[in-house]
Amino acid sequence: MKQLLRWLIVAVATVAAPSAFAERLELPSAAPVAPKELAVPSASERFESYEALHGSFSSSAHCAGVPGGFWVEFGGKGDCLRSYAQGLSAADNPTVLVYFSGDVLLKTKEGVRFVGSGYERRSPKLIERDMARWSERAGVPAIFIARPGMFGSSGDHNQRREPREGMLMERALDAIKRRHRVSTFILVGQSGGGHIAASLLNRRRDVSAVVLSSALLSVREVNDYWNKRRTVQSDGAVLYDPIDHLAGIRSDPRPMILVLSDPQDRIVPYPSQLTYVRRLRAAGFEPQQILLSATDKNHHALARHGRRAAELVARGEPIGAIRAALEDVGMQPTE
């Protein structure tokens with residue numbers, strides 16, 4: 001009866017507002033739901049929510065026409081991963097900042113998927129502008145690497161946090177390292193992008209520092225927390241959990257690890273971030289956890305803080321100066 005009632009509501013609402021309601025509930029207005037060939041927006045053209053919801057595909061030939069695109073294969077399948085780089089030298093690039101954004105595909109407690117409203121307001125031009133500012137402030141090149149299924153990369157965003165996502169991003173870093181002669185990376189990840197950054201930290205020897213803001217670092221703990229509040233349960237058994245693979249982090253020299261947290265975070269519960277920090281310390285590392293106050297209603301938006309911390313790391317600022325600077329970020333107007 002509940003299912004019947006739900007579909008009756010969908011039918012009535014779809015008549016009233018077909019396009020918007022169909023997109024939110026994955027009910028296309030006209031065409032069947034299926035992945036489509038990756039769109040290639042440029043300049044101020046906007047990204048499509050359809051691709052984030054339903055996926056997209058590419059080929060090595062198609063990817064050759066994608067600005068900043070890298071054709072990456074893993075597990076017998078390839079994807080085109082788009083990057084947005086600023087400040088790269090034609091010669092060597094000893095240190096490069098890399099940013100991984102958070103999820104754009106969200107779910108209601110009933111398991112209905114939808115794309116956050118801010119996604120369609122983004123464009124390649126806006127991302128490039130952000131990277132240019134970040135690079136200028138840090139004094140080193142900066143690259144935004146779009147995760148599979150979002151911001152111009154092909155793939156399926158529904159498969160985030162599965163091992164393949166991390167492996168694709170790792171191979172994208174390998175390609176960037178070869179093409180631009182990079183020695184070390186400073187990784188920054190916000191929320192679900194923090195999961196990527198932490199996963200790469202576990203596997204790479206060329207990460208000198210990582211900044212994890214409001215990051216998903218203990219998948220099992222966060223999944224358990226949300227399953228207690230969901231009508232539809234989520235199975236995390238097939239997901240890669242960074243907290244289980246800390247032994248892979250390089251120990252000589254140890255990377256700088258900054259964990260930025262808001263204790264009132266309503267998306268990635270603070271206790272899960274604290275668990276990660278404690279496990280790192282138990283493994284012999286010295287992470288710096290910095291408690292901040294995010295200004296959004298969910299106490300989760302610390303992306304600007306993360307990028308600010310990374311630019312100060314790149315400039316060689318001490319941890320005390322970084323802590324003091326981050327306290328001022330929340331007082332600044334949103335860019």
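Student: Which residues form one aromatic cluster?

Tutor: Rings of Phe, Tyr and Trp (its six-membered ring) pair if their centres lie within 6.5 Å. Planes under 30 degrees apart count as stacked, over 60 as edge-to-face, the rest as tilted. Here F47, Y84, Y99, Y119, W134, F144 and F151 form one cluster. This is a predicted model, where local features need pLDDT of at least 70, side-chain atom pairs count only at pLDDT 80 or more, and totals for chains, interfaces and linings use all residues. Residues are numbered from 1 along each chain as its sequence is written, and side-chain values use heavy atoms, with hydrogens and water left out.

Student: How many aromatic pairs does the rule give?

Tutor: The count is 8. Y84 is in strand β4 (residues 77-86) and F144 in strand β8 (residues 142-145), 60 residues apart. Strands (E, at least two residues) and helices (H or I, at least four) are DSSP runs, numbered from the N terminus.

Student: Are Y84 and F144 buried or exposed?

Tutor: Buried means under 20% relative accessible area, exposed over 50%, partly exposed in between (1.4 Å probe, protein chains only). Both Y84 and F144 are buried. So are both Y99 and W134.

Student: Which charge lies over the face of Y99?

Tutor: The test wants NZ of Lys or CZ of Arg within 6 Å of the ring centre and within 35 degrees of the ring normal. R307 lies over Y99, at 5.0 Å from the ring centre. R203 lies over Y240, at 5.3 Å.
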